[in-house]
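Work through the exercises below with the sequence and the model open. Try each task before reading its solution.

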Amino acid sequence: MTFDPWNIAAFVLMALATYACRGGGYWLFRQIKPSPLIRAIMKYIPGTLFVSFVVPSLIQGGLQPMVGAAGTLAVMLATRNMALSIAGGVAAAWAVWLLK
Amino acid sequence: MTVEPVTFTAKGVRRGYIDCLPLLLAMAPFGLICGVLSQGVGLSIGETVLMAMIVFAGSAQLVCLNIWTHPPDLLAVTLATFVINLRMALMGPVLSPWLDQLRGWRVWGSLFVMADQNWAMSVSEMNKGGRDAGYLLGTGLAFWSMWVATSAVGFVLGAAVKPTPGHPLFFAALAVFVVMLAQMWRGRADILPWVIAALVSSAVAWLLPGTFWFIVAGAISGSVVAGVRDHMRDEKPT
């Protein structure tokens, strides 16, 4: 079991960044009320963030992740079950991988 | 009308913990995927467990592991984590009817284990008239312990299968986000920000290959445009 100092530093910084949001947000917004504009913008952050992660990854990854994403979405729309959708997507990506 | 005072009891903590048990199974895949990914990028099991314990933020960990290098880009992972978790800054204040009545570790410890699912459960408990704020800590501890345990199990699974780069098993991390996007879709208002985010992030990824600014650039441009649009619409005199 090894602990690399750079990795530990990254975990600590990630933990601090996370707590700055979890605890810091509550603390800050107890002092000042967020303006309606800030609230309106933050409402859209989770969705746009995941789009910004997924779309470039699909473009870069090519056929395998694209088919996988289509499979995931299809199972999700049909069943609304998260675990099943992830499994379906991985199976679709796996099929492309085997055919190559 | 008199409102009952907010309490914080061991009974409340225990009830929160037990209420979560049926949901833990649904959450298991995320921890497993995170563990497999950690093993895949070359972290040790000790590092994997430490990360799960102190960060405890699934989406941020998955994104960071996807951009992990040796040594890690400290600025990139910190900034990515911060932006991904910004939503939590608005989650805490919703629970202020409870949190404002607590002191010390009861507030700051409860906030440490506040994640999307147990926050939602606590909000609904609070709105139903629940006055025992220990519920938030109990639900949080349930998810936290499951997160740490499944991360470790995922690491062991990854070490047993030893998936090579490009193995379809790694697609699971991306599938998690596709599933979350499907759940987050709220209707037509999301089209503009999502299209902008897709275009900007793809352009930045193409212009600055090998860096991870594309995530931040896409998220900020999309949400600022949509936020300003909604704000101007709401301000308009009718």
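Predicted model: local features only at pLDDT ≥ 70, side-chain atom pairs only at ≥ 80, totals over all residues.

**Exercise 1. The area between the domains**

Describe the contact between the two domains of chain B, then name its main contributors.

*Solution.* Begin with position. Then list the contact: five residues of domain 1 of chain B meet four residues of domain 2. Take the area next. About 520 Å² is buried between domain 1 and domain 2 of chain B, and carbon and sulfur atoms give 97% of that. Three residues lead on the domain 1 side. B:I67, B:L79 and B:V83 supply 62% of the area that domain 1 of chain B buries against domain 2, more than any other three residues. Last, look at the elements. Helix 4 (residues 74-85) of chain B gives the largest share of the side of domain 1 that touches domain 2, with three residues.

**Exercise 2. From chain B to chain A**

Work out what the interface of chain B and chain A is made of.

*Solution.* Count residues to begin. Chain B brings 88 residues to the contact, and chain A brings 66. Now the area. The two chains, B and A, bury about 6,800 Å² between them, with 79% of it on carbon and sulfur atoms. B:L90, B:P168 and B:F171 supply 9% of the area that chain B buries against chain A, more than any other three residues. Turn to the polar side. There are 16 residue pairs in polar contact between chain B and chain A, both residues at pLDDT 80 or more. By class, the side of chain B that touches chain A holds 60 nonpolar, 21 polar and seven charged residues.

Which residues form the salt bridge between chain A and chain B? The rule finds one salt bridge across this interface. A:K43 pairs with B:D230, and their closest N and O atoms are 3.8 Å apart.

**Exercise 3. A pair of rings**

Classify the ring pair of A:F50 and B:F177.

*Solution.* Over all chains, the structure holds eight aromatic pairs. For A:F50 and B:F177, the ring centres are 5.0 Å apart and the planes stand at 50°, so the pair is tilted. Then place each ring. A:F50 is in helix 3 (residues 45-61) of chain A and B:F177 is in helix 10 (residues 171-184) of chain B, so the pair joins two chains.

**Exercise 4. Within one helix**

Explain how B:R15 and B:D19 are placed along chain B.

*Solution.* Chain B has twelve helices and zero strands. B:R15 and B:D19 both sit in helix 1 (residues 10-40) of chain B. They are separated by about one helical turn because they are four residues apart in that helix. Their side chains meet in a salt bridge, at 4.0 Å from N to O. Over all chains, the count is eight salt bridges.

Technical notes. Residues numbered from 1 in each chain as written. Chains lettered and ligands numbered in written order. Heavy atoms only, no water. Contact = heavy atoms within 4.5 Å. Buried area = accessible area lost by both parts, 1.4 Å probe. Polar contact = N/O pair within 3.5 Å; in protein donor to acceptor, adjacent residues only side chain to side chain. Nonpolar A, V, L, I, M, F, W, Y, C, P; charged D, E, K, R; others polar. Phe/Tyr/Trp six-rings, centres within 6.5 Å; stacked < 30°, edge-to-face > 60°.
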